[in-house]
Amino acid sequence: MKLTILGGGGFRVPLVYGALLTDRGEGRVTEVVLHDLDAGRLSAVGRVLTEQAAGVADAPTVTTTTDLDEALRGADFIFSAIRVGGLEGRANDERVALDEGVLGQETVGAGGIAYGLRTVPVAVDIARRVARLAPDAWVINFTNPAGLVTEAMSRHLGDRVIGICDSPVGLGRRIARVLGANPNEAWIDYVGLNHLGWVRGLKIAGRDELPRLLADPDLLGSFEEGKLFGVDWLQSLGAIPNEYLHYYYFNREAVRAYQQAEKTRGAFLADQQARFYEEMRRADAAALTAWDRTRAEREATYMSENRETAGAGERDADDLSGGYEKVALALMRAIARDERTTLILNVRNQGTLSVLDTDAVIEVPCLVDANGAHPVSVAPLPDHATGLVCSVKAVEREVLAAAESGARATAVKAFALHPLVDSVGVARRLVEGYTSVHPGLAYLK
Ligand code: G6P
Ligand code: MN
């Protein structure tokens, strides 16, 4: 089985390859093709993979290419994990927004819109090529903003593109853990959009244990979301929000902390990653060790400003391993081997949330088998959550429309309608600012 990874020179590729190395099962991946625009990044990551595979019998073969069409032909699965504009682009997404006093973050608010406007045209081009060159392949989209990008690709690939994120699984795992339950045996009632969802229940052996957690302040304050949002707010909500909702519920504090930070997350990672890729150019570099050190630092500092404003302290050691690769592999296995499983994924709504149309991509538990991922039916969201989900989906639709038409006015509309952008004037200046720093937005006329 052939797996192609787009963004194959990306820093997280060794996580995926490490997971593949542990898979001994029938129908496993035997061939990995890494595609990237940058040959230097490909060779850096290739070195890490070579060290990972040392001594492993039947390790999947790895080849690298900068030719997209060649990478796509014959692929059974395609992981799309690209970063249009690189981490410098991410840093600019943050900076322009923060200078206007609004949130700059890669997936939420103004920063997420800018990143979406830059990424959608590229993702659509990839989707079109996949439809032509590898029409039977399954595409697993890792690229952020994951819900929006998956929806853009689904217009060309239908349900053969599935978006993934590790945050809902991580959240479910933490809740199960504090309740003393096995995360693998828990049914998580989670729904929303990517980075905009809520856990409303967690069933163990058919019994909802979430009320027990919400009623116990000590237990509730003992894990990441309890520390981030505070016990009182979680009790008021009667649900546990995805950590990215911190940017909505504590927007002022988050914006202020990001403005005051010495470096934005994007700028920090741009420097950190540049050092890693530079180090990989040295012939004597210990590739795997350097990669692992860099990864550990990246994970330890994830959302550190948010945690600081909330006084949440360091991350729990159990939360440090993201888990993207586990979700992606579980999904790929369920499809390839027709092993029925349930995963929280980004798929087309198909009537799951009645307030959204059929084609809107949402994040929801899905039943997965050889026929793909199918959302299960869930209870409707409460009004406050429906309001946010509908507003943000409307913004995503404006982003898709702007990417398709190239209309600058539509891009302004996308920013202006976002609940975290508080003035049409700000939206206009954001479009000015973003188009002046990002060559990838030159298409907006
Ligand atoms: C979480 C999110 C991802 C995001 C990742 C990286 O896992 O769900 O969407 O890519 O964090 O964060 P970082 O700031 O390290 O790039
Ligand atoms: Mn995510």
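User: Before we start, what should I know about the numbering and the model?

Analyst: Residues are numbered from 1 along each chain as its sequence is written, while chains are lettered from A and ligands numbered from 1 in the order in which they are written. This is a predicted model, where local features need pLDDT of at least 70, side-chain atom pairs count only at pLDDT 80 or more, and totals for chains, interfaces and linings use all residues; side-chain values use heavy atoms, with hydrogens and water left out.

User: What makes the radius of gyration agree with a compact globule?

Analyst: The radius is taken over C-alpha atoms, and the globule rule is 2.2 Å times the number of residues to the power 0.38. For 445 residues the rule gives a value near 22 Å, and the protein chain has 21 Å, so the two agree. The C-alpha trace spans about 55 × 55 × 45 Å along its principal axes.

User: What counts as a helix or a strand here, and how many are there?

Analyst: Both are DSSP runs numbered from the N terminus: helices are H or I with at least four residues, strands are E with at least two. On that basis the protein chain has 20 helices and 13 strands.

User: Which residues are called donors of the manganese ion (ligand 2), and what makes them donors?

Analyst: Donors are N, O and S atoms within 2.8 Å of the metal (3.2 Å for Na, K and Ca); water is not among the atoms, so sites may look incomplete. Cys165 (SG), His195 (NE2) and Tyr324 (OH) lie 2.3 to 2.8 Å from the manganese ion, and they are its protein donors. Their spacing along the chain is C-x29-H-x128-Y. His195, in the loop between β7 (186-193) and β8 (196-204), and Tyr324, in helix α17 (residues 324-336), are 129 residues apart, a pair linking distant parts of the chain.

User: Why is Ser321 put in its accessibility class, and what does it touch?

Analyst: Ser321 has a relative accessible area of 36%, so it is partly exposed. Ser321 sits in the loop between α16 (304-310) and α17. Contact means heavy atoms within 4.5 Å; leaving aside residues up to four places away in sequence, Ser321 touches Arg173, Glu299 and Lys326.

User: And how do you know which class Glu398 belongs to?

Analyst: Its relative accessible area is 16%, so Glu398 is buried. Glu398 belongs to helix α18 (residues 383-405). Not counting residues up to four places away in sequence, Glu398 touches Thr410, Lys413, Ala414 and Leu417.

User: Why are Asp58 and Ala205 classed as they are, and what is phi in each?

Analyst: Asp58 reaches 54% relative accessibility, so it counts as exposed. Its phi is near 55°, a positive value in a residue other than glycine. Ala205 reaches 81%, so it counts as exposed. Ala205 is not a glycine, yet its phi is positive at about 50°.

User: Which residues does a cis peptide bond join?

Analyst: Asn144 and Pro145, with omega about -10°. Pro145 is in the loop between β5 (138-141) and α6 (146-157).

Conventions. Buried means under 20% relative accessible area, exposed over 50%, partly exposed in between (1.4 Å probe, protein chains only).
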